[in-house]
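Dear colleague,

I am handing over the structure below, and I would be grateful if you read the notes that follow with it open beside you.

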Amino acid sequence: MSEADLILVIVVVTALAFDFTNGFHDTANVVATSISTRAMSPRVAVGFAAVLNFAGAFISLEVAATVANDVVDPTAIASNTVLFAGLVGAIAWNLATWYFGLPSSSSHALIGGIVGATLVAAGTDAVLGDGILAKVLIPALIAPVLAFIVGAVAIVCCYRIVGRQRPGPVTRGFRYGQVVSGGLLALAHGTNDAQKTMGVITLALIINGNLSADSFEVPTWVVVSAASAIALGTYSGGWRIIRTMGSRIIKMDAAQGFSAQGAGAAVILASSHFGFPLSTTHVISGGVMGAGAGKRVSAVRWGVAGNMVVAWILTLPAAALIGGLAYLVTDLFPGAVGPILLAALGLILVAIAVARRLRAAVPAPTG
Amino acid sequence: MTLATVIDTTALWQTVVFAFVAGVGTTIAFSFSILGFTRFAEANRNERGGQAAVFAGLALLGLLATAAAIAFGVIVMTGK
């Protein structure tokens with residue numbers, strides 16, 4: 001095995017590890033609404049979301065194409081060490097926000113990390129500013145606002161239709177509905193988020209010369225492994241963030257949960273269709289806040305929502321900074337030594353963070 | 001170079017319109033089905049057969065519209 005192939009293997013493993021943390025970190029957002037309204041028990045909701053995340057990864061490749069072709073120029077990157085450093089930036093930021101219980105965006109962390117490492121390694125010419133603006137930044141601004149509006153309008157319409165009925169049967173009905181809307185949201189999440197990892201691995205294969213940069217093609221093993229990693233990450237949970245999303249932003253009834261999930265699923269699926277790599281965290285948060293504000297503006301805990309906005313604003317530059325620094329560190333060593341050392345150091349730091357977090361852990365909800 | 005030359009405004013608009021119609025439309029359709037089921041149960045309890053049939057129809061129509069919207073969305077996604 002050549003040194004370049006060894007770095008490729010490290011990048012693929014790291015990308016799948018990122019996919020796992022993405023599932024672990026983000027999918028809590030997907031199931032929180034169903035859990036908060038008691039439409040599903042936490043364990044059933046997480047298992048259900050894992051299965052649908054896996055299925056969702058197979059239904060489109062538009063987002064993977066965007067990540068592979070429209071963020072950085074594959075022909076300008078000399079080595080996969082750059083992608084490795086970008087992934088380190090994304091994973092480090094994901095774990096830091098997980099540690100502090102902030103639902104920030106894994107997707108923006110990934111793109112920020114890769115852009116930061118590419119900037120340091122290959123300069124500004126290798127970063128595709130137009131693609132990032134058109135396919136990442138503009139949709140990143142529009143999507144949560146759109147989800148907010150859809151969630152708010154949907155809940156207002158819903159209350160107009162069923163508002164005078166007895167609450168018991170209405171709540172039961174929307175709880176059944178949430179099984180479907182929650183499933184759709186999980187499917188949408190798998191579609192958009194698993195594809196980002198597929199895009200990174202495809203990009204690595206192009207840089208290594210295994211695939212052509214001219215014709216975009218994602219190998220089947222890449223789709224299956226990315227789908228499996230995000231599904232496993234989802235199943236592993238992320239109880240702290242479930243708590244933040246499910247109850248600390250807003251206390252919801254089942255109709256609000258249905259509207260929020262419907263808004264989130266519609267925005268993510270529509271965006272995935274056009275290849276926009278969205279943050280599912282941003283979108284579902286927008287939907288949840290919209291469904292809350294549509295009922296009563298003061299019902300939304302705007303302080304918690306404000307903390308999330310701060311995390312979102314910080315995500316791209318922070319992940320880019322870590323990605324850039326990670327590249328500088330790996331570049332100090334020859335060949336594959338840098339990635340191996342950094343991966344080993346990363347594993348130790350992750351183990352320490354997880355052990356500390358578990359010691360002070362919030363017990364997993366039961367049921 | 002203007003912003004409009006970089007951004008695919010058609011795709012963005014289509015995303016906004018599709019997401020709005022799908023998100024709000026599905027919630028409205030499902031709300032009508034719940035209204036139908038709730039009123040059907042009441043009418044049935046009070047032995048008002050005609051009214052019960054109308055609300056059962058509304059409930060089924062709402063459910064069918066919801067299912068059709070979801071199926072359409074998934075087919076469009078997988079069709080590309």
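The elements named in this message are DSSP runs numbered from the N terminus, a helix being a run (H or I) of at least four residues and a strand (E) one of at least two. Please keep in mind throughout that this is a predicted model.

With that definition, chain A has 13 helices and 0 strands, and its elements, read from the N terminus on, run α-α-α-α-α-α-α-α-α-α-α-α-α. The radius of gyration of chain A is 20 Å, close to the 21 Å that the globule rule gives for 367 residues, so chain A is as compact as a globular protein of that length. Along its principal axes, the C-alpha trace of chain A spans about 70 × 45 × 35 Å, and buried residues account for 60% of the 367 residues in the chain. If one takes the contacts in chain A between residues at least 6 apart in sequence, 88% of them join residues at least 24 apart.

Next comes the interface. The size of an interface is often given as the accessible area lost when the parts come together. Here the area buried between chain A and chain B is about 3,200 Å², and carbon and sulfur atoms give 81% of that area. In chain A, the residues that lose the most area to chain B are A:I161, A:H273 and A:F274, which together make up 18% of what that side buries. Counted by residues, 41 of chain A are in contact with 33 of chain B.

On the side of chain A that touches chain B, helix 6 (129-162), helix 7 and helix 10 each supply at least two residues, and helix 6 of chain A gives the largest share, 15 residues. By class, that side of chain A has 28 nonpolar, 10 polar and 3 charged residues.

In one of them, A:K196 pairs with A:D193, their closest N and O atoms being 2.4 Å apart. Both residues lie in helix 7 (residues 167-207) of chain A, 3 residues apart, which is about one turn of the helix, and both A:K196 and A:D193 are buried.

Another joins the side chains of A:K295 and A:D253, at 3.3 Å from N to O. Because A:K295 lies in helix 11 (residues 280-295) of chain A, while A:D253 lies in the loop between helix 9 (239-248) and helix 10 (254-273), this pair ties together parts that are 42 residues apart in sequence. A:K295 is partly exposed, with a relative accessible area of 48%, and A:D253 is partly exposed too, at 24%.

The remaining salt bridge is in chain B, where B:E42 meets B:R39 with the closest N and O atoms 3.9 Å apart. These two residues are 3 apart in helix 2 (residues 9-45) of chain B, so about one helical turn separates them. B:E42 is partly exposed, with a relative accessible area of 22%, as is B:R39, with 30%.

With best regards

Definitions and conventions: Residues are numbered from 1 along each chain as its sequence is written. Chains are lettered from A and ligands numbered from 1 in the order in which they are written. This is a predicted model: local features need pLDDT of at least 70, side-chain atom pairs count only at pLDDT 80 or more; totals for chains, interfaces and linings use all residues. Side-chain values use heavy atoms; hydrogens and water are left out. A salt bridge is a side-chain nitrogen of Lys or Arg within 4 Å of a carboxyl oxygen of Asp or Glu. Buried means under 20% relative accessible area, exposed over 50%, partly exposed in between (1.4 Å probe, protein chains only). Contact means heavy atoms within 4.5 Å. Buried area is the accessible area (1.4 Å probe) that two parts lose on being put together, summed over both. Ala, Val, Leu, Ile, Met, Phe, Trp, Tyr, Cys and Pro count as nonpolar, Asp, Glu, Lys and Arg as charged, and the others, Gly among them, as polar. The radius of gyration is taken over C-alpha atoms; the globule rule is 2.2 Å times the number of residues to the power 0.38.
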